[in-house]
Amino acid sequence: MTYIVVVVAYVLMLLGISVYKSRTVKSDEDFMVAGRNVPVYMLVATLVCTWIGSGSLFGTAGLTFRTGVSELWFSAGAWVGILVIYMIAARVRRIAQYTLTDLLEKRYSQLAKVLGTITIIIAYMVIAGYQFKGGGRFIAILSDGAITPETGMIIAAFLIVGFTVLAGMVSIVSIDIFNGVIMLIAMMVTLPFAIAGHGGLDAVIATIQQARPSHLSVMGGHDFFWVVGIALPTFLLLMSESSMYQKFSSADSEDNAKKAVMGMFIGVVVVETLMMLIALVGFAIYADDPRFFMADGTVNRAMAEEIILRIGFEQLPVIIGSLLLAAGAAIVISTGNTFLMVTSTNVTRDIFQAFFYKNATSSQVVWIQRACIVGIGVLAYLMICLLYT
C-alpha cells in the first residue's frame, strides 16, 4: 500500500504544478516553447527526461538482463549523438523556430517540411502510445495485478494527455526538474541496496559468472561490426529527435542551449549506466527464479523488461522501493508528455495553421493545439491497441 500512496502523492504533486503553471500560458509561444525563457538547469532536466522513457525503463533494462554489460554499446550510440548535437545546439536556438520541420523548410524546402511532418506524426504517435503501454504495465505491477495492464494503459493515457493539455511545454519543463531529480536519486540509491540485498558485489559477480559469464564481457562475445550495428540505430534516433530541437527553442539563450546539451550528456550517461547496472544485478538476484526463464532456459523477455520495477517492488526496503517506483512514474509521464507535445505542435503549425487557420489568434492556436493533443492521444491509444492485439 505504501508504494501506491507514494506514487499517487508524487503524481498529484506534478498535477498541482501543471495546474498552477497553466495559469501562466498567455500565448502560443508560451504553450509551444515555454516562452523561450527556460533556464539551463530546467533545460538539462527536461532533455534527460526526453531520452529516458519507457524504452529505457523496460526495453533497455530487459536487453541488459538478456545480454549483460555489452548492452551499453546500444546506449552509447545515443551518447555519441548527443555530443554531435552539442555542436549545433546554439545555432538551432539562434534560428528559434518551433519544430524540427520548421528547420527543414528553412534549410531545404516546403516539401521537406511536409514529408518531415508526416514522418514525425506517425512515428511519434507510436512512441507516445508505447508510453501508454509502458504506463499500463507499470500500474499493473504497482497494484500487484489488481489493475490489468489494459486498464492501466487507459489510466496512463488519461494522465499523460491531461498533463500535456494543461500547460504544454511550460508544464513539461516545470515538472521535469522534479522528474529528473527523482530519477537520478532513485537509481543512485537503488544500486547499492540491490547489491547489498544479494550479499555484496562479490556475490553478484560470482552468481553471474556461474549462470552466464558472457554477461560480464564488454563485447559480449561479439565483434566490432556488431557494435556498429546496435549503436547506429540509437545514434540516428537521437540525431532526429524532434522534441530535443523544440526544447532547444525553449532555451533562454544560445549559450544555455549548448550548455544544456552537455548537461544532458552527463545526465543520460549516468542514468542509463545506473539502470544497466541495476538490471545486471537483477539478473544475479533472479538467476534461479523460474518466472524470468522459459522451459528451454532462454530468458522470458516480458519479465526481463520488468526487472527494475520488480526489484523496487520485491527486493528493496519499502521507502527505497517507493522512491524507485515514483521514478518509474516520472519516466513514463515525462516522455509521454514530450512526444504528445511534439506531435501536436507539428499538427497545429504544419497542418491547421498552414492550411485552415492562417489568421488564428495566439489564444485560438493554443486551444487548437490542446484539441490536437486530445485527438492525437486517442489515436495513439488506438494505434498501440491494434499493434498489440
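# Talking through some residues

Student: Is Ile-160 buried or exposed, and what is the relative accessible area behind that call?
Tutor: Keep in mind that this is a predicted model. Ile-160 sits in helix α9. Buried means under 20% relative accessible area, so Ile-160 counts as buried, at 1%.

Student: Okay, and how far is Ile-160 from Ile-373 in space, C-alpha to C-alpha?
Tutor: Along the chain, 213 residues separate Ile-160 and Ile-373. In space, their C-alpha atoms are apart by 10.0 Å.

Student: Which residues does Ile-160 touch, if we skip those up to four places away in sequence?
Tutor: Start from the burial: Ile-160 has a relative accessible area of 1%. With the sequence neighbours skipped, the residues it touches are Gln-131, Phe-132, Val-332, Ile-333, Gly-336, Asn-337 and Leu-340.

Student: Now Thr-345: which side chain does its own side chain join in a polar contact?
Tutor: Thr-345 lies in helix α16, residues 318-356, and is buried at 0% relative accessible area. Its side chain reaches the backbone oxygen of Met-341 at 2.7 Å. The side-chain partner, at 2.8 Å, is Gln-369.

Student: Which backbone nitrogen does the side chain of Thr-234 reach?
Tutor: Thr-234 is in helix α11 (residues 224-239), and counts as buried at 6% relative accessibility. A polar atom of its side chain lies 2.7 Å from the backbone oxygen of Phe-74. Excluding residues up to four places away in sequence, Thr-234 touches Trp-51, Phe-74, Gly-77 and Ala-78. The nitrogen in question, reached at 3.4 Å, belongs to Ala-78.

Student: Is Met-1 buried or exposed, and at what relative accessibility?
Tutor: Met-1 is found in the segment before α1 (2-22). The cut-off for exposed is over 50%, so Met-1 counts as exposed, at 72%.

Student: And how much accessible area does the surface nonpolar patch with Met-1 have together?
Tutor: Nonpolar side chains tend to be buried together in soluble globular proteins. Here, though, Met-1, Ile-4, Val-5, Val-8, Leu-12, Leu-15 and Val-19 form a nonpolar patch on the surface. Their accessible area together is about 620 Å².

Definitions and conventions:
Residues numbered from 1 in each chain as written. Predicted model: local features only at pLDDT ≥ 70, side-chain atom pairs only at ≥ 80, totals over all residues. Heavy atoms only, no water. Helix = DSSP H or I, 4+ residues; strand = E, 2+ residues; numbered from the N terminus. Buried < 20%, exposed > 50% of the residue type's maximum accessible area, 1.4 Å probe, protein only. Polar contact = N/O pair within 3.5 Å; in protein donor to acceptor, adjacent residues only side chain to side chain. Patch = residues over 30% accessible without salt bridge, like charges linked within 9 Å, V, L, I, M, F, W, Y side chains within 5 Å. Areas by Shrake-Rupley, 256 points an atom, 1.4 Å probe, with all protein chains shown as cover. Salt bridge = Lys/Arg side-chain N within 4 Å of Asp/Glu carboxyl O. Contact = heavy atoms within 4.5 Å.
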